[in-house]
Amino acid sequence: MADLYLSRKLSGASSPVSGSGAPIWYPASPTIGSKISRASRASAATIRGDENDVEELEMLLEAYFMQIDGTLNKLTTLREYIDDTEDYINIQLDNHRNQLIQLELFLSSGTVCLSIYSLVAGIFGMNIPYTWNDEHGYIFKWVVILTGITCASLFILIISYARHKGLVGS
């Protein structure tokens, strides 16, 4: 700890006999003024020969430790803020993903219903000669209408089942 006392080493290097004395300090700020007073007390402690007087060094190191601890706390808070922001963004992305899945469910169920409708309309709309088609041409219209109603009911049934299971929001 005594080796870390640089002002004591500096004053020990320039002897009081040489006449050069301590360097001239100009108190331009309170920090420099406090350095001047510390340097003068350190030189006095060196002249006295008190090698165990390291209170000022401990206070200086404690001040730096407090600054480093404060910086560490700020960085920890910033990291927590970044983690919270990342979690918030992930929640928003999950919400948008769920909305896309709901849209896909609507489109897929609609596609299934339309394909069934198209299948029935395609089978009965072919130009194959049926014996029942000779006198009953209106049956094709009723088959298409009933198939449309059935497919719309099936679509509504699929969507209500999805809402019941919680797959689709209200």
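**A first look**

Asp 87 is found in helix 3, which covers residues 55-124; helices (H or I, at least four residues) and strands (E, at least two) are DSSP runs, numbered from the N terminus. This is a predicted model, where local features need pLDDT of at least 70, side-chain atom pairs count only at pLDDT 80 or more, and totals for chains, interfaces and linings use all residues. Residues are numbered from 1 along each chain as its sequence is written, and side-chain values use heavy atoms, with hydrogens and water left out.

**The whole chain**

- The protein chain has four helices and zero strands, giving the pattern α-α-α-α along the sequence.
- Of the 170 residues in the protein chain, 11% are buried (buried means under 20% relative accessible area, exposed over 50%, partly exposed in between, with a 1.4 Å probe and protein chains only).
- The accessible surface of the protein chain is about 13,600 Å², and 65% of that belongs to carbon and sulfur atoms (areas come from the Shrake-Rupley method with a 1.4 Å probe; for residues, only the protein chains shown count as cover).

- Asp 87 is partly exposed, because its relative accessible area is 45%.
- Asp 87 gathers with Glu 80, Asp 83, Asp 84 and Glu 86 in a patch of negative charge on the surface.
- Patches are made of residues with over 30% relative accessible area and no salt bridge, joining like charges within 9 Å and nonpolar side chains (Val, Leu, Ile, Met, Phe, Trp, Tyr) within 5 Å.
- Lys and Arg count as positive and Asp and Glu as negative, while His and the chain ends are not counted; the place of a charge is NZ of Lys, CZ of Arg, CG of Asp or CD of Glu.
- Side chains of opposite charge can pair when their charged atoms come close.
- The structure holds one salt bridge (a side-chain nitrogen of Lys or Arg within 4 Å of a carboxyl oxygen of Asp or Glu).
- Asp 94 forms a salt bridge with Arg 97, and their closest N and O atoms are 2.6 Å apart.
- Both Asp 94 and Arg 97 lie in helix 3, three residues apart, about one turn of the helix.

- Thr 147 sits in helix 4, residues 139-164, and counts as buried because its relative accessibility is 11%.
- Leaving aside neighbours within four places in sequence, Thr 147 is in contact (heavy atoms within 4.5 Å) with Ile 116, Tyr 117 and Val 120.
- Leu 146 is also found in helix 4, but is exposed, with a relative accessible area of 52%.
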